[in-house]
Amino acid sequence: MIRALLLTTICLSLFISSFSQTTTIQNIQGRKILSLNGRWNFTIDPYENGYYDYRHKPFDESASGTGGFYDDKKSANKTDLIEYNFDLSPTLRVPADWNSQADKLEFYEGTVWYRQKFTLSRQQEKKYILYFGAVNYEAHVYLNGKKLGMHKGGFTPFQFDITDKIQNGENTVIVKADNSRKQDEIPTVNTDWWNYGGITRDVFVAELPASYISDYKVQLAKADTTRLNGYVQLSDAKKNEKVIVLIPEAGIHTTVITDDSGRAVINTGIKQLKLWSPQSPKLYKVSLIHEQDTLNDMIGFRTIEVKGQNILLNGKSIFLSGISLHDENPMIPGRLRSQGDMRMMLQWAKELNCNYVRLAHYPHNEEMIRLADEMGLLVWAEIPVYWTISWENAGTYNNAQQQLTDLVMRDKNRASVIIWSAGNETPVSEQRNIFMSKLVDHARALDNTRLVAAALEVHRQGEESFVNDPLGEKIDLASFNEYAGWYWGGTPSEITKYSFNIKYNKPVIISEFGGDALAGFHADENTRWSEEYQAALYKNQFILLNKVPGLRGMTPWILCDFRSPRRQQPYYQDYFNRKGLISETGKKKMAFDVLKTYYQKIQQQYGSFK
Ligand code: GCU
């Protein structure tokens, strides 16, 4: 009896610990961090032998907790019947997807084990956090042979408090990364992008004071350019703690006091402020000081709201001249790796005369959002609630809600982000309406200062496209994708006869339109896949869309050709979706200049917000 009880307790504690992780720290790069980026040893494990024993029982749950890839010291022991050895294994770059690093892994979907060793001189009075920018899709993390926990979601950060597990000297971290697609996950099994697996974003160990500033929001109050609103959260629930909020260039020096949960509200007037906008992306140095902990951030201040069919940035009506992007470098296969290639992508958007980007269809790298702040690009941010999700599954909803929470919590201080999108092209049904409405409510509850949207469903009857998706009642924009001239409607010159019947008196945002073109393939305007066809499609889309009263923006699909397992057509596609305005060799297609010119005219009409 006692043995059974003991075993149960161990399993229970293992189970609880394996799901526990603290919510992620705000502004990790503002901390004292040790980067674990670099080359990690790896082992491909398609049968998950490192996680399950031969009876398919997880090693994690065995009382001894030994066995498996994560027990790194075993791999060093040559005598055991262990068929892996990290010391002799090849390496993968981190951060980076595995698909673009090894031929065997280009299409691989399954488990890869990663191992990294690091040395640290452990300070007794400090706290330590192990932070991952993202691992696609499911990560199980072990430190020095002990399970820290697991995380689901391929594009959002997560962390573990390792204060009582980190050793002075050498430490070993092991990650089981599994990018297998599953129906009940977010996203589900079917998407139109490459399923890049692995540790695709930064990995840091943060060293923090015993009591530290774990989270904060410093933004303008909703639609009020004279008031700062937000909070500072300490790592522990200490009451009556003083936190100084300093924004010297804006004449702010105020002290806030924490309540019994360790949280202090910021609510103070602000006078001398240069508002952030695309044509003047002013960022202020903000310092938060609590005892020994000083944290600096660069934050822009602006307001965003909708009024009738207008979108008001700092109270002025704007047109969102945008373009959609995936998190993928067109020229070096794989996820965007660093500030260098992210800046390249956003610079191309600026060249297009954009003041806005849709970062589809999942949370992009935090670095990308910080660059948008710096370069003056407004952002539509999104979670991968994409197409045919398992609407009736409570676990699926909780996963979606957690990913939305992680996105909003990570980027809530970024002036560039003006829209939280709950999803894309989700088929209308009763269960989907409930699922999506709850997500929209959750986004608003987390952040009432930004707009909430989604790419709505459209249905066509004759020459009319109806936008009356019930989700449109809940969101701030009448935002939808339409592919007149590519997936329906005939040739480019034939699409101008169509019209849109939009039920909602809200700003209209075309979240996608476009067509494929193979860069360098030239023919007449009616020959699909030619650059001329794509350019004509854009020209006629503008005629079609200029008929839409309340049109206040668009993000044509898409800035660059991108990889997708759905696009196998030899010659024209070769596993690329060719709707990009730029090819995978960086060549600008004819439609690039068509869109650039259109936006130039729009900005003259709206006053340059570029
Ligand atoms: C859809 C979808 C995109 C996809 C595009 C296409 O609208 O939102 O993710 O890539 O169409 O078919 O090219």
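Student: How many bridges join strand β18 to strand β19, and what makes them a pair?

Tutor: Strand β18 (residues 304-307) and strand β19 (residues 310-313) run antiparallel and are joined by four bridges; two strands pair if DSSP finds at least two bridges between them, so this couple qualifies. Strands here are DSSP runs of E with at least two residues, helices are runs of H or I with at least four, and both are numbered from the N terminus. Before we go on, note that this is a predicted model, in which local features need pLDDT of at least 70 and side-chain atom pairs count only at pLDDT 80 or more, while totals for chains, interfaces and linings use all residues. Residues are numbered from 1 along each chain as its sequence is written, and side-chain values use heavy atoms, with hydrogens and water left out.

Student: Which residue of β19 is the bridge partner of isoleucine 304, and which residue in the hairpin takes a positive phi?

Tutor: The partner of isoleucine 304 is leucine 313, and in this hairpin, which has two residues between the strands, glycine 308 takes a positive phi near 60 degrees.

Student: How do you know that β19 and β20 pair?

Tutor: Three bridges link β19 to strand β20 (residues 316-318) in the antiparallel sense, and leucine 312 has serine 317 in β20 as its bridge partner. These two strands also form a hairpin with two residues between them, where asparagine 314 in the turn has a positive phi of about 55 degrees.

Student: Which residues of α6 are called buried, and what do they pack against?

Tutor: Among them are Phe435, Met436, Leu439 and Val440, where buried means under 20% relative accessible area, exposed over 50%, and partly exposed in between (1.4 Å probe, protein chains only). The buried residues of α6 pack against α5 (394-411), β24 (417-424) and β25 (451-455), with contact meaning heavy atoms within 4.5 Å.

Student: How do you know how many disulfides the structure has?

Tutor: A search of the whole structure finds zero. The sulfur of cysteine 560 is the nearest cysteine sulfur to that of cysteine 354, yet it lies 11 Å away, whereas a disulfide is a pair of cysteine sulfur atoms within 2.5 Å, so the two are not bonded in this way. Cysteine 354 is buried, with a relative accessible area of 1%, and cysteine 560 is buried too, at 5%.

Student: What makes arginine 567 buried or exposed?

Tutor: Arginine 567 has a relative accessible area of 12%, and is therefore classed as buried. Its place is in the loop between β32 (562-563) and β33 (576-577), and its contacts beyond four places in sequence include Asp192, Tyr487 and Asp574.

Student: Which residues touch the most other members of the largest nonpolar core?

Tutor: Of its 88 residues, they are Ile323, Val385, Phe435, Leu439 and Met554, and helix α8 (residues 590-606) gives the most to this core, with eight residues. A nonpolar core is a set of buried Ala, Val, Leu, Ile, Met, Phe, Trp, Tyr and Cys residues joined through side-chain atoms within 4.5 Å. A second, separate core of 30 residues includes Leu105, Tyr108, Val175 and Ala177.
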